[in-house]
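Here's a quick tour of one protein model. Have a look at the picture first, then we'll go through it topic by topic.

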Amino acid sequence: CIHCDYYAGGRMAAEHLIEKGCRNIVCIKGPQYRYSARYRYQGYLDVCRERNIPEQTVECDYDFKQGLAMTEELLRKYPEVDGIIACNDIVAISTYKVLYEQNISVPKQVKIVGFDDISFSKLLSPELTTIIQPIKEMAEKAVELIANNELTELSDKKFVFPVSLVERQTTK
């Protein structure tokens, strides 16, 4: 099993928004049947509990169109939102689009953090703050295991890669 530390990523995103002054943080959590989504959400949830911040969530698939709909729901359900953690960068971009269309200033009124650091996250204006997964290193590890024919020997072993947060304009 090769993956990144999704839990740490959820924590990092929540802690970053708190450091930036957010107190009404909403997590657009991914589908909870997915390991990655459950652990990202759990990281967010643990930070909320530790800091006595209310848990506020909507659930969304990793999809642009559903991200649009969930952001609309989020704004109806949590009108005082000042920080949003999106389940991935595609949903974060759809979130930004809805906020822009409703004349809600990012990052002045609402700050956004995504997850994945896809190439489009740097093309958005303002550029998207996001959690970086070390995709290249993860892929290299997978190829190494396959090339060395180690998959059967390591079937119960996990390789967990660290994540990092890159601050861009959606939280500055």
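How many of the 6 residues of β5 are buried? It's 5 of them, so β5 is largely enclosed by the rest of the structure (buried means under 20% relative accessible area, with a 1.4 Å probe and protein chains only). Keep in mind that this is a predicted model, where local features need pLDDT of at least 70, side-chain atom pairs count only at pLDDT 80 or more, and totals for chains, interfaces and linings use all residues. Residues are numbered from 1 along each chain as its sequence is written, and side-chain values use heavy atoms, with hydrogens and water left out.

**Who pairs with β5**
- β4 and β5 run parallel and are joined by 3 bridges (strands are DSSP runs of E, at least two residues, and helices are runs of H or I, at least four, numbered from the N terminus; two strands pair if DSSP finds at least two bridges between them).
- In this pairing, Ile 84 sits opposite Ile 112 in β5.
- β5 also runs parallel to β6 (residues 129-132), with 4 bridges joining them.
- Here Asp 116 is opposite Ile 132 in β6.

**The cavity**
- There's 1 cavity of 30 Å³ or more (on a 1 Å grid over the protein atoms alone, a set of points where a 1.4 Å probe fits but cannot get out; lining residues have an atom within 4 Å of a point).
- The largest cavity has a volume of about 90 Å³, meaning the space filled by probe spheres set on the points, which are joined across faces, edges and corners.
- Of its 14 lining residues, Cys 27, Arg 40, Tyr 41, Ile 85 and Cys 87 are the closest to its centre.
- β2 (25-29), α2 (35-51), β4 (83-86) and β5 (111-116) each give two or more residues to this lining.

Note on methods: On a 1 Å grid over the protein atoms alone, a cavity is a set of points where a 1.4 Å probe fits but cannot get out, and a pocket is an open set with protein on both sides within 12 Å along at least five of seven lines; lining residues have an atom within 4 Å of a point. Buried means under 20% relative accessible area, exposed over 50%, partly exposed in between (1.4 Å probe, protein chains only).
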